[in-house]
Amino acid sequence: MSSVTRAVQPALDPKVGTRTAARFAHPAVLLAGIVLVALNMRACLAAVSPMVAEIQRTFGLSATASGLITTVPVLFQGVGAPLTPRLTRRFGTERVVLGAVLALGAGVLLRVAPSVVALYAGCVVIGVAIAVLNVSMPGLVKREFPHRAAAMTGVYSTTMLVGATLAAGLSVPLEHALGGGWQASLGAWSLLALVAALAWLPQVLKARQERTTPVRATAAALPKGPATSPWKSGLAWQISVFMGISSLLVYTLVAWMPTILADHGMPRGEAGLVFAFSNLVQVVGAFLVPLAAGRMTRQRGLALTMAALNGAGVAWLLLAPVSGAWFSAAVLGLAQGGSLGLGLAFIVLRTDSVLGAARLGGMSQAVGYLVAAAGPVGAGALHQLTGGWDATLLVMLVLSAVAAVAGWGAGRNRTL
């Protein structure tokens, strides 16, 4: 056997390829990769919120222009989502996830460059990168954990919220510790993306090895019949509307909840604590609700419960904005985290293939984030028009009822 043949032989030997793939496919390695990728998916968005005032002073931005720092990434999550299924079919999910994480890190660095153009360009890159991850992860979880997809959805949706909570809490301390102003604090989150990319690299190597060896496909990975566009499915639209309204409620309160409380007389420091507490409670809902969803054939009751909790929290914020603030924060946190987890669980539970999950994810994320992007802007416009927050909260109550109707349809025991 020639030296060339011996060098090529391991790549062609099915036994060697299987052993290599198995080593890279160890559950602990895969889980670590998923968790670290998920940590990045909201951290860089949450980290910027405490720094908006400093960014505004640095570049002399208006209040509207400053609001775009948080709105642009959400908007481009909606724009980028439909492109992802095509990317995953062409390059493979593992490579697409790796590329998105690296793009996310690059966007974080671009956002802190000394230029207004770079600031918003970085926001665009971040939004598109998160969109790709949002759509890729449900399909990947469905493929790798076909019998535990809902539980794993709970793990990574919870991790997303943990990343956001840590980022919001650490931004100011990082600014002081690094001594480089808001640029150093926000730029530091690119390191988390680099760590996630390194942790994900074994999955890319595993996928590359499997392409050279016979691999038995799981039933979950095989399309069952001709592919149907989710854009023509009533069920897909119900899931998309449920996710869109749930996301709109989240981002509206992210933008305005502390201001609503402060405008009703609560000290700003306490308003910030109430908001942080609400974010913390989201972790509980994001973990428990997908677990419960995976044990049910129909999730109608869960969807109605999440919508009802959203409505109750908003109503209490309307009726007792200061005295009932902590109760509202707890109820809204549970509802928002649970709605996020349930929306992601719908993507894996209402599809019968990885391709179907990717297509439904692309549609629901596109609709969801385009709708969500209108929330903070619309709430601010209503406040400016009416001089108060009652109209905004009443609209949110109506939208909670719409989410209940959509969730009732999305929770049916059907697949696309």
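Visitor: Is Thr-392 buried, partly exposed or exposed?
Guide: This is a predicted model. Thr-392 has a relative accessible area of 4%. Buried means under 20%. So the class of Thr-392 is buried.

Visitor: Which helix holds Thr-392, and which residues does Thr-392 touch, not counting those up to four places away in sequence?
Guide: Thr-392 lies in helix H17, residues 390-410. Residues up to four places away in sequence are set aside. The contacts of Thr-392 are then Ala-379, Leu-382 and His-383.

Visitor: Which helix gives the largest share of the nonpolar surface patch?
Guide: The patch covers about 320 Å². Val-284, Phe-287, Leu-288 and Leu-334 make it. The largest share, 3 residues, comes from residues 268-294, helix H13.

Visitor: Why does Val-284 count as partly exposed?
Guide: Val-284 lies in helix H13. Buried ends at 20% and exposed starts over 50%, so partly exposed is the class in between. Val-284 falls there because its relative accessible area is 42%.

Visitor: What is the average pLDDT of the protein chain, and where is the pLDDT below 50?
Guide: The chain averages a pLDDT of 85, and 89% of the residues score at least 70. Over residues 1-22 the pLDDT is below 50, and that stretch has 14 contacts in the model beyond near neighbours in sequence. Another stretch below 50 has 18 such contacts: residues 214-226.

Conventions. Residues numbered from 1 in each chain as written. Predicted model: local features only at pLDDT ≥ 70, side-chain atom pairs only at ≥ 80, totals over all residues. Heavy atoms only, no water. Patch = residues over 30% accessible without salt bridge, like charges linked within 9 Å, V, L, I, M, F, W, Y side chains within 5 Å. Areas by Shrake-Rupley, 256 points an atom, 1.4 Å probe, with all protein chains shown as cover. Salt bridge = Lys/Arg side-chain N within 4 Å of Asp/Glu carboxyl O. Helix = DSSP H or I, 4+ residues; strand = E, 2+ residues; numbered from the N terminus. Buried < 20%, exposed > 50% of the residue type's maximum accessible area, 1.4 Å probe, protein only. pLDDT = per-residue confidence, 0-100. Contact = heavy atoms within 4.5 Å.
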